[in-house]
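Open the model in your viewer and get your selection tool ready.

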Amino acid sequence: MALLDVEELSVTFARRNQRTVRAVDGVSFSVDAGEVVGLVGESGCGKSVTSLAIMGLLPRQPGVQVGGKAVFDGTDLLQIDDRSRRDIRGRDIAMIFQDPLSSLNPVVPIGIQVTEVLTRHRGMKGQAAAKEAAQLLDRVGIPDPKRRLKEYPHQLSGGMRQRALIAMAVACQPRLLIADEPTTALDVTIQAQILELLKELVRDSGTALVMITHDLGVVAGMCDTINVLYGGRVVETARRRPLFRQPRHPYTVGLLSSVPRLDAGRGERLNPIPGSVRDLLPWPDGCAFAPRCARRVDACVGEPPELVLTHDGRSYRCVNPAPVPGLTPGEDVREVVPGQATPGSVPAQAVPNDPPAVPGLAAAPSEEETS
Amino acid sequence: MTIISGKKREKIDRLAELAARDEERGVSLWQDAFRRLRRNPAAIVGAIILIVFVLVALVGPFFVPYGPKDTMGIREGVVKVGQGLIPGPSAEHWLGYDHQGRDVFSRMIVGARQTLLVGVVATMIGLAIGALIGGVAGAAAGLGGRWGRWVDTTLMRFIDMLLAMPSLLLAVSIAALLGPSLITVMIAVGMVSVPVFARLLRGSMIAQSNSDYVLAATSLGVRKSKIALSHVLPNSLAPVIVQATLTLATAIIEAAALSYLGLGNPDSATPEWGVMLADAQPWLGIRPALAIYPAVAIIITALGFTLLGEAMREALDPKLRK
C-alpha cells in the first residue's frame, strides 16, 4: 500500500462577489515509502495549494473548501481533528518551504527554532536537545554547528538557511517530506548542493519525498515518478525516463521544448508555450490546456478529457496525445478511465491523428481567446 | 551519517572560522538596530538630552543649593507678592524666586525627578495594560479559530470605546473619579495610552501571523500558544517599543496638563514641572519667566524622547534594513 494516497483532491476558493476559483480539481497521485515523486507545472497550476491542503495549512475560512481524500498510512488527513493533525505535522510529515529567509523567525536564534521541534515531538529538553540540534545541523552539512545554533537567520547564507530548515524538517525522521520549490530562492550552485542533500537524506532514511517544482532540471535529477499538473489537474503521470524520452501530453511536450538546451544550435530559438495559464475561474467543459495547445482538435472542447492508462504504466488526460514512433495512435492504450460527468465522450482511439488545419473551435473558445 | 566527505568538511570549517573572525559574534536584531542608531545624529542628540535629564532627576536633588519647599524669600522680606515684587535671577538664586519666595532653580531640579517618575510609570501602566489586551486580541485574531475572532472583537470594541474619548477628557475623568493624587495622575495618563499600545501590538501581531515562518512552524506541529508567544510576539514588539518612547514625551505633557488643571498631586509644595507651570499663571504679568522655565524644560525633555523614538523607529524598520 502506498504511504500517501491522494484521491480526487479538490480545493475551491469562494470569494464574495467573485466567481469561485477551483485551484485544485480532482488531483490524484500516490507516494510509496522511500519514493521521490514530483509535482511539476508552471505557476498557478495548483502545486502549492495541493501541498498545503495535504498538510491542512490552508486558511480556515468559510470560502475555502477542500474535498477528496489524502490517505496517509491508513488515516485520511483531511478528516482528522486538529490535535492529531498537529501531532502528525513535523513528526510523520514535514514540509520545506520555498523561501528560507522568510520561513525562519528573524528574531529567534536558529538553535531555539530547531530545538522547538525536538521538544514538541521528541520531548527533549535543555542540553540533550541542544546536542541533538547540533547533530542535526551537522548532518545537513552546516559547518561549526555549535556556533551556528546561536546565530540569527540573517547571519546565515541562503544555502545555510535552507539547510537549517531541512534540519528542522528531518528532526523527527518523518516518513514523508514535502518540499515546495525548495531551491527556487537559491543560487544555482547552492541549488545543486541542496538537491544533493535532499537526495542523501531520502536515500539514508527511507523518507518519501514529494518534490514540488517548476524546474524540469530538478525533476530530471531527483524524481522517480512525475506528475505533471495543469489547471489544477494531473495531466500526465509517468516514471522519469519514459516521461523525458517520450512525453505524451502536449503540455509536457511544450514544457520540455521550452527549456533551453546546451546542445541546441546558436541561433536556435526557444519554443515557449504560447499564452499563459488561464484564469482558473470557470472550468470549461473541455481540456484546460486546449486554448494553448498545438495538437488541439475539436474533441478537446466539450468534455473534460478522460484519464488514459497505457500498457507501459503511464497515464495522461488527452484526446490527441503526442504519437509514439512505431505505434499507431491508440495502440498502447490499456484502459480509459471514465472521468466524472463525461458520458458518451469520444474514445481516445477514435480521435483523428492530425489537428485540423483551421482551428475551428465551436462554442467555448471565443471567450478564451480574448482573455 | 556524514553528508560531506572529511577533506571537504575540513576545508569548509577553516573557511567558516576565517569568516567568523571578521564577524562579531551573535549580532542580534537589537544589536544591529543599536549600531544603526549610533550613526544617526538625531538619535545622539535625543540620547544626550535624555541622559542629562535622567542624571538630573536621579542625583540633582542631592546637590540643590536650597530646599525646594523653603519659603526663604518671604521670610527674608525680599519677595512681596502684594506689591508685585518677585525678584529675578541673581548670583545666589540663579533663576530667581517664585511667588512664595522659594528658589526656582532648586525646584526645577527636584521637579525633574517627579516629572520623570510620572512619565515612566504612566507609560509603563499604559504599555502593560495595552500590550496585554492587544497581545491577547492579536494572538486570538491571528491564530485562534472561531473563538479567537470573538475574543478579538470583544477586546477591541472595549479599546475603541476608550479611543472614542478625547485623551485629555478621559484623563480628567479618571483623575476626577479617583481623586487628586500622584498615583491618580499616573493611572489617568497611562490609561490614555492603553488604546494606542493595544491597537499597535494587535495589528503588528496579525500581520506577523500571516508570515512564512508561522506557516513553517505550524507545518512542524508547533503548538499555537507557543507560536504566539515565541514567534509572533517577539517580532511584533519593535513598533510598540518605539511607541513607548514617544508616549513618554506625551505622558509628561499630559501629566503637566493634569497638574495645571488641579488634578495632580494635592501637595502643591512638592515641585513638579506641570505644577510649577500652573502656579506661575497668576504672576504671568509680573514674572513671565516663572512659566517659561518649566515650559522649556518640558519641551526639551519631550523633544529628547521624540528624537530618540523616531530614530529608533527608523533603526528597527525592517524595510530600511540593507
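Two strands pair if DSSP finds at least two bridges between them. Keep in mind along the way that this is a predicted model.

**Stop one: a strand pair in chain A.** To find one of the partners, click Thr310(A): its bridge partner in β13(A) is Val333(A).

**Stop two: two helices in chain B.** Now select residues 212-219 of chain B for helix α9(B), and residues 224-260 for helix α10(B). Their axes are 11 Å apart and the packing angle is about 150°. Angles over 145 degrees count as roughly antiparallel, and α9(B) and α10(B) are therefore roughly antiparallel to each other. The crossing of α9(B) past α10(B) is right-handed. Show side chains for Tyr213(B), Val214(B), Ala217(B) and Thr218(B) on α9(B), then for Ile227(B), His231(B) and Val232(B) on α10(B); these residues make the contact. Sorted by class, they are five nonpolar and two polar residues, with no charged ones.

**Stop three: where the chains meet.** Display both chains: 38 residues of chain A are in contact with 28 residues of chain B. On chain A, the elements that each supply at least two residues include α2 (82-88), β6 (93-96) and α8 (188-205). Which element gives the largest share? That is α4(A), with four residues. Colour this side of chain A by class and you will find 16 nonpolar, seven polar and 15 charged residues.

Note on methods
Residues are numbered from 1 along each chain as its sequence is written. Chains are lettered from A and ligands numbered from 1 in the order in which they are written. This is a predicted model: local features need pLDDT of at least 70, side-chain atom pairs count only at pLDDT 80 or more; totals for chains, interfaces and linings use all residues. Axes are lines fitted to C-alpha atoms, for helices over the stretch in contact, and angles run from 0 to 180 degrees between N-to-C directions. Angles under 35 degrees count as roughly parallel, over 145 as roughly antiparallel, 65 to 115 as roughly perpendicular and the rest as oblique. A crossing is left-handed if the near helix is turned anticlockwise from the far one by less than a right angle, and right-handed if clockwise. Two residues are in contact if their C-beta atoms, placed from the backbone, lie within 7 Å. Ala, Val, Leu, Ile, Met, Phe, Trp, Tyr, Cys and Pro count as nonpolar, Asp, Glu, Lys and Arg as charged, and the others, Gly among them, as polar.
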